[in-house]
Amino acid sequence: MARRLCSALDLVDDAALIAEYEARHAPGAVWPAVLAHLGAQGVEAMEIWRTGDRMVMIAEVADDYPRAVAAPAEIDQWETLMWRFQRALPHAAPGEKWVPMQRIFAFGETR
């Protein structure tokens, strides 16, 4: 059974950079090695949503996520490239990108 993880991250507040970031995440644009590595780690589905310069990532992951798998060299290259567009949240730990979010409400659990 999959579990859902949600994380947040900001983008540099620059319209051209945001447009380029979105283009790099368009269908078919994310490097195949990055997608393969996510799958190998146990990511079953992932979405990134944006409003302004704030992003939320929703990932459905396997129970054994994150699996210990070797990362190909492309992963470091991708992450370095992405830092050009991304800005850590003010409360993020040093070097932390996507900050895990805590679920505080679920509609189906209130009735």
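Tyr 21 and Phe 85 are both buried in this predicted model. Tyr 21 sits in helix α1. Its relative accessibility is 4%, so Tyr 21 counts as buried under the 20% cut-off. The search of the whole structure returns 2 aromatic pairs. In one of them, the ring centres of Tyr 21 and Phe 85 lie 5.7 Å apart. Their planes meet at 65°, so the pair is edge-to-face, the class for angles over 60 degrees. This pair links distant parts of the chain. Tyr 21 belongs to α1, whereas Phe 85 lies in the loop between α3 and β4. The two are 64 residues apart.

The rings of Trp 31 and Trp 78 also pair, with centres 5.1 Å apart. Their planes stand at 70°, so this pair is edge-to-face as well. Again distant parts of the chain are linked. Trp 31 is partly exposed, with a relative accessible area of 26%. Trp 78, at 5% relative accessibility, counts as buried.

The surroundings of Tyr 21 extend past its ring partner. Beyond neighbours within four places in sequence, Tyr 21 is in contact with Leu 11, Ile 48, Met 55, Met 82, Phe 85, Gln 86 and Trp 98. Leu 11 is 10 residues from Tyr 21 in sequence, and the C-alpha atoms of the two are 8.7 Å apart. Trp 98 has a contact list of its own. With neighbours within four places again left aside, Trp 98 is in contact with Ser 7, Ala 8, Leu 9, Tyr 21, Ile 48, Met 55, Val 56, Met 57 and Gln 86.

In soluble globular proteins, nonpolar side chains tend to be buried together.

Ile 75, Trp 78, Leu 81 and Met 82 are its buried residues. Viewed down the axis of α3, they fall within an arc of 130°, so they line one face of the helix. An α-helix has 3.6 residues a turn, so residues three or four places apart point the same way. The face of α3 turned away from the buried side carries the exposed residues Ala 73, Asp 76 and Thr 80. The cover over the buried residues of α3 includes α1, α2 (32–41) and β4 (86–87).

Helix α2 also has a buried face. In α2, Val 34, His 37 and Gln 41 are buried. Down the helix axis they fall within an arc of 65°, so they line one face of α2. Pro 32 and Ala 36 are exposed on the other side of α2. The buried residues of α2 pack against β2 and α3. Just after α2, Gly 42 takes a positive phi of about 110°.

Strands β2 (residues 43–51) and β3 pair in the antiparallel sense, with 8 bridges between them. They form a hairpin with 2 residues between the strands. Gly 52 in the turn has a positive phi of about 60°. Thr 51 stands opposite Arg 54 of β3.

Across the whole chain there are 3 helices and 5 strands. From the N terminus on, the elements run β-α-α-β-β-α-β-β. The C-alpha trace spans about 45 × 30 × 30 Å along its principal axes. Of the 111 residues, 29% are buried. The accessible surface comes to about 7400 Å², and 58% of that surface belongs to carbon and sulfur atoms. Among contacts between residues at least 6 apart in sequence, 72% join residues at least 24 apart.

Conventions. Residues numbered from 1 in each chain as written. Predicted model: local features only at pLDDT ≥ 70, side-chain atom pairs only at ≥ 80, totals over all residues. Heavy atoms only, no water. Contact = heavy atoms within 4.5 Å. Buried < 20%, exposed > 50% of the residue type's maximum accessible area, 1.4 Å probe, protein only. Helix = DSSP H or I, 4+ residues; strand = E, 2+ residues; numbered from the N terminus. Arc of directions from axis to C-beta. Pairing = 2+ DSSP bridges. Areas by Shrake-Rupley, 256 points an atom, 1.4 Å probe, with all protein chains shown as cover. Phe/Tyr/Trp six-rings, centres within 6.5 Å; stacked < 30°, edge-to-face > 60°.
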